[in-house]
Amino acid sequence: MLLKSIAFFWGLVILFLSLYPFKVKEDSIQLWQHTDKIVHFLMYVLLTYLVLLNVKPKKCLVKESIFVVLSCILYGIVIEVIQEVMKLGRSFDFFDVLANSAGVFCALTCYFILKKHKFFVFNQN
């Protein structure tokens, strides 16, 4: 139950961070040119991994994993569309969708590698 709550909370954090119109100074210094893409990637790695840890496979773990992957990617796309529609200083960015999706697939890969080696703290599937 705690793990489900953490996954849900993290989804809300992503929603807030993605929709809140932060004020960024034009002359602010970034460490890298595409720092926001790295942040998108990492947010969706964590979201997807947390959701995968909550999956209790009944017959086919692959089907449940595909559902999680598609759901997380769709969640990112919906947030990007909402950013465009809300017109609060945020806009749709295809490269954010790509970074989100890359994070989802990275989490899926890590999940199966760790599962294969039975290296889990929370999930005992």
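Helices α2 and α4 pack at an angle of about 40 degrees, with their axes 7 Å apart. That makes α2 oblique to α4; angles under 35 degrees count as roughly parallel, over 145 as roughly antiparallel, 65 to 115 as roughly perpendicular, and the rest as oblique. The axes are lines fitted to C-alpha atoms over the stretch in contact, and angles run from 0 to 180 degrees between N-to-C directions. Helices here are DSSP runs (H or I, at least four residues), numbered from the N terminus.

This is a predicted model, where local features need pLDDT of at least 70 and side-chain atom pairs count only at pLDDT 80 or more, while totals for chains, interfaces and linings use all residues. Residues are numbered from 1 along each chain as its sequence is written, and side-chain values use heavy atoms, leaving out hydrogens and water.

Here are the helix pairs side by side.

| Pair | Crossing angle | Axis distance |
|---|---|---|
| α2 and α4 | about 40 degrees | 7 Å apart |
| α2 and α3 | roughly 140 degrees | within 10 Å |
| α3 and α4 | roughly 155 degrees | within 9 Å |

Next, look at α2 (residues 35-53) and α3 (residues 61-86), which cross at roughly 140 degrees. That makes α2 oblique to α3. Their contact (heavy atoms within 4.5 Å) involves residues including H40, Y44 and L47 of α2 and V68, C72 and Y75 of α3. By class, this contact has eight nonpolar, four polar and one charged residues. Ala, Val, Leu, Ile, Met, Phe, Trp, Tyr, Cys and Pro count as nonpolar, Asp, Glu, Lys and Arg as charged, and the others, Gly among them, as polar.

Now turn to α3 and α4 (residues 94-116), with a crossing at roughly 155 degrees. The two helices are therefore roughly antiparallel to each other. Among the residues that meet are L61, V69 and I73 in α3 and V104, F105 and L108 in α4. This contact divides into eleven nonpolar, four polar and three charged residues.

Finally, find the second largest pocket, which holds about 240 Å³ of space. A pocket is an open set of points on a 1 Å grid where a 1.4 Å probe fits, with protein on both sides within 12 Å along at least five of seven lines, and lining residues have an atom within 4 Å of a point. Its volume is the space filled by probe spheres set on the points. The lining includes K4, F8, L47, F67 and Y75. Helices α1 (2-19), α2 and α3 each give two or more residues to this lining, which divides into nine nonpolar, two polar and one charged.
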